[in-house]
Amino acid sequence: MLFAVIVFPGSNCDHDVYHVAKHVLGRAARYIWHKDRDLRGADVVVLPGGFAYGDYLRVGAIARFSPVMEEVRRFAQRGGHVVGICNGFQILLESGLLPGAMRRNDSLKYVCRDVHLKVENAMTPWTRKYARGEVIRIPVGHGDGNYFIDEEGLRRLEGEGQVVFRYSDARGARGTRGANPNGSLADIAGITNARGNVLGMMPHPERLAEGVLGGEDGRRLFEGIVEAIE
Amino acid sequence: MELSESDPEKARERLAAMCEKLLANTVIEEYRIEEPA
């Protein structure tokens with residue numbers, strides 16, 4: 001079981017994900033430089049958070065042209081498991097592996113704090129260790145996390161159960177002041193593709209995967225995908 | 001944008017392709033191409 005952590009120029013959560021895969025889960029992990037075209041037989045590909053290419057032009061807009069992304073696309077098309085976290089989610093959107101787009105936070109400010117997420121779909125390989133309707137606590141840190149998709153696209157996401165995480169308050173209620181940190185449409189925090197093998201989420205599960213760091217809710221995402229594959 | 005292209009139609013096509021592929025995200029943005037007078 002091998003986790004491939006893609007490293008773009010400007011990635012800064014690559015080490016965190018590597019740490020969780022290798023030292024928390026005890027699985028093999030390796031970094032793959034974005035110019036590499038070989039995923040080395042990886043079982044899971046992680047596009048980590050950061051500021052690939054300095055967020056120039058638009059977040060994720062340049063990273064999606066990195067040579068490794070051709071291979072990531074092929075891997076996903078074969079049913080391989082890909083997760084994009086924060087900047088990784090933005091790259092998945094720009095590359096068309098997930099639908100929709102990311103806009104500047106409605107506050108126009110960078111937001112860095114813990115948020116609550118309601119698990120909307122626990123039937124995906126990523127969320128199988130959570131319960132549907134469960135509220136978990138995961139940190140966000142982004143300036144462009146305001147998810148948008150057109151009406152038809154939203155209907156499709158909702159109809160197919162592709163919205164897996166939604167911002168909520170600690171009790172799972174939506175619409176509470178401050179619950180949605182960025183103005184995302186329909187409080188969307190994370191979505192999958194129709195097949196469920198590609199996940200994008202703005203919050204950082206790798207940042208709360210150990211008790212010593214103040215929370216463990218993020219760990220189950222990684223445990224879930226390990227369980228699904230092994 | 002300055003292009004080394006003498007055919008205005010081809011220049012437009014190239015620009016439109018650039019906009020579609022990279023310069024604009026048409027999920028959230030629109031673009032238009034205007035030629036200098």
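Between which two strands of chain A does the loop holding A:Ala186 lie? The legends below take up this point and others in a predicted model, in which local features need pLDDT of at least 70 and side-chain atom pairs count only at pLDDT 80 or more, while totals for chains, interfaces and linings use all residues. Residues are numbered from 1 along each chain as its sequence is written, chains are lettered from A and ligands numbered from 1 in the order in which they are written, and side-chain values use heavy atoms, with hydrogens and water left out.

**View 1. A:Ala186 and its loop in chain A.** A:Ala186 lies in the loop between strand E9 (163–168) and strand E10 (188–192) of chain A, where strands (E, at least two residues) and helices (H or I, at least four) are DSSP runs numbered from the N terminus. Although A:Ala186 is not a glycine, its phi is positive, about 55°. Most residues other than glycine have a negative phi.

**View 2. A:Leu57 in the loop between strand E3 and helix H2 of chain A.** The loop that holds A:Leu57 runs between strand E3 (44–47) and helix H2 (67–77), and the phi of A:Leu57, a residue other than glycine, is positive, near 70°. With a relative accessible area of 45%, A:Leu57 is partly exposed, a class that lies between buried (under 20% relative accessible area) and exposed (over 50%), as found with a 1.4 Å probe and protein chains only.

**View 3. Helix H3 of chain A and the residue that follows.** Eight of the eight residues of helix H3 (residues 87–94) are buried, so this helix is largely enclosed by the rest of the structure. Among the buried residues of H3(A) are A:Phe89, A:Ile91, A:Leu92 and A:Leu93, together with A:Asn87, A:Gln90 and A:Glu94. After H3(A) comes A:Gly96, with a positive phi near 80°.

**View 4. The interface of chain B with chain A.** Eight residues of chain B are in contact with 11 residues of chain A, contact being heavy atoms within 4.5 Å. The two chains bury about 780 Å² between them, 65% of it on carbon and sulfur atoms; buried area here is the accessible area (1.4 Å probe) that two parts lose on being put together, summed over both. On the side of chain B, the residues that lose the most area to chain A are B:Leu22, B:Val27 and B:Ile28, which together account for 58% of what that side buries.

**View 5. B:Glu29 in the segment after helix H1 of chain B.** B:Glu29 is found after helix H1 (8–23) of chain B and is partly exposed, with a relative accessible area of 30%. When its neighbours within four places in sequence are left aside, B:Glu29 is in contact with A:Arg58, B:Leu23 and B:Ala24. B:Glu29 and B:Glu2 are 27 residues apart in sequence, and their C-alpha atoms are 22 Å apart in space.

View 6. Chain A has five helices and 11 strands, and buried residues make up 57% of its 230 residues. The C-alpha atoms of chain A fill a box of roughly 45 × 35 × 30 Å, taken along the principal axes. Chain B has one helix and zero strands, buried residues make up 16% of its 37 residues, and its C-alpha atoms fill a box of roughly 30 × 20 × 15 Å along the principal axes.
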